[in-house]
Amino acid sequence: MALYALGDLHLGFQVNKPMDRFGKVWKHHERKIEKYVNQMVKPEDTLVLTGDHSWGRKLEECREDLAFIERLPGHKILLRGNHDMFWDAKKTQRLNEAFEGKLFFLQNNFAAYQDYALVGTKGYTFEGPYYLDRWGNVAGWDEEREEQAKKLVAREMDRLRESFRMAEEAGYRKFIMFLHYPPTNILEETSPFTAIAEEYGVTAVVYSHCHGERRFGDSIRGTFHGISYMLVSGDYLDFHPARILP
Ligand SMILES: [Fe+2]
Ligand SMILES: [Fe+2]
């Protein structure tokens, strides 16, 4: 039995959104996903997909993308990405009822993998309140956007804390924490997300959202304060799921 993760499938079977304009790695990327996931993941394994599943704006436009995900092997757990418009944050329970036994939508709840609780939320990192010059130095700051970003972080932290609370109440003491956004922005060393990961002593923080060579190093990769941080964006992994456990 194993736990895998892969993010940012960016499927669009029902909408016209060719991905290869973002680079060679995206050419027929859905074929790569199908091939590599089938090669690596066994039916008894768990596969966490860390958001940005579909370009469809409504559930009806995502049917084929979600059916594609359903056909992949393993127990599929989905996290909400910034592009997942089909997923109303207030209606996660409804999605879980509609896809019961096929897909599990992780938000304000948790999933179990052996003696680990899989907790998570979309997260948020603000990449815009500051402006960098071409040498990477901070050239300006937008205070209004910073205020807005703080609100979004606070809301996501509430959701994440609820996920931890429920897992702990159910008796779990070991955690893997999933985010769609990276846990820190490019200027930060720590954030509320790294703080909660340390508070609960999570084994690993798994995130995606960063696309393209220039963005892969935006946040923490490797071990930081004893916690393993893993970037699992599809293009970063050339669409091979990453093994998280054992
Ligand atoms: Fe993405
Ligand atoms: Fe994203």
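How many of the 246 residues of the protein chain count as buried? The share is 39%, where a residue is buried if 20 or more other C-beta atoms lie within 10 Å of its own, exposed if 12 or fewer, and partly exposed in between, with C-beta atoms placed from the backbone. The structure is a predicted model, in which local features need pLDDT of at least 70 and side-chain atom pairs count only at pLDDT 80 or more, while totals for chains, interfaces and linings use all residues. Residues are numbered from 1 along each chain as its sequence is written, and chains are lettered from A and ligands numbered from 1 in the order in which they are written.

The overall picture comes next. The protein chain has 5 helices and 13 strands; helices (H or I, at least four residues) and strands (E, at least two) are DSSP runs, numbered from the N terminus. With a radius of gyration of 17 Å, close to the 18 Å that the globule rule gives for 246 residues, the protein chain is as compact as a globular protein of that length. This radius is taken over C-alpha atoms, and the globule rule is 2.2 Å times the number of residues to the power 0.38. Along the principal axes, the C-alpha atoms fill a box of roughly 50 × 45 × 30 Å. Among contacts with a separation of 6 or more, 78% join residues 24 or more positions apart; two residues are in contact if their C-beta atoms, placed from the backbone, lie within 7 Å.

Helix α1 is a friendly place to begin a closer look. Buried in α1 are His29, Ile33 and Val37. They cover an arc of only 60° around the axis, which puts them on the same side of α1, the arc being that of the directions from the helix axis to the C-beta atoms. Arg31 and Gln39, on the other side of α1, are exposed. The partner of the buried residues of α1 is β2 (46-49), against which they pack.

A sheet can be followed strand by strand. Strands of a sheet pair through backbone hydrogen bonds, either parallel or antiparallel. Here 6 strands form an open sheet with mixed pairing, in the order β5-β6-β9-β10-β12-β11; two strands pair if DSSP finds at least two bridges between them. Since β5 (111-113) and β11 (222-224) stand at the edges with a single partner strand each, one side of each is left without a neighbour in the sheet. On average, neighbouring strands of this sheet are turned by 30° against each other, direction ignored. Axes are lines fitted to C-alpha atoms, for helices over the stretch in contact, and angles run from 0 to 180 degrees between N-to-C directions. β11 pairs with strand β12 (residues 227-231) in the antiparallel sense over 3 bridges, and Thr223 stands opposite Ser228 in β12. Helix α4 (residues 143-169) packs on the sheet, where α4 touches β6 (116-121) and β9 (174-179). The direction of α4 makes about 165° with that of β6.

Some backbone details complete the account. His28, in the loop between β1 (3-6) and α1, has a positive phi near 45° and is exposed, with 11 other C-beta atoms within 10 Å. His209, in the loop between β10 (204-207) and β11, has a positive phi near 75° but is buried, with 26 other C-beta atoms within 10 Å. The peptide bond from Leu245 to Pro246 is cis, with omega near -5°.
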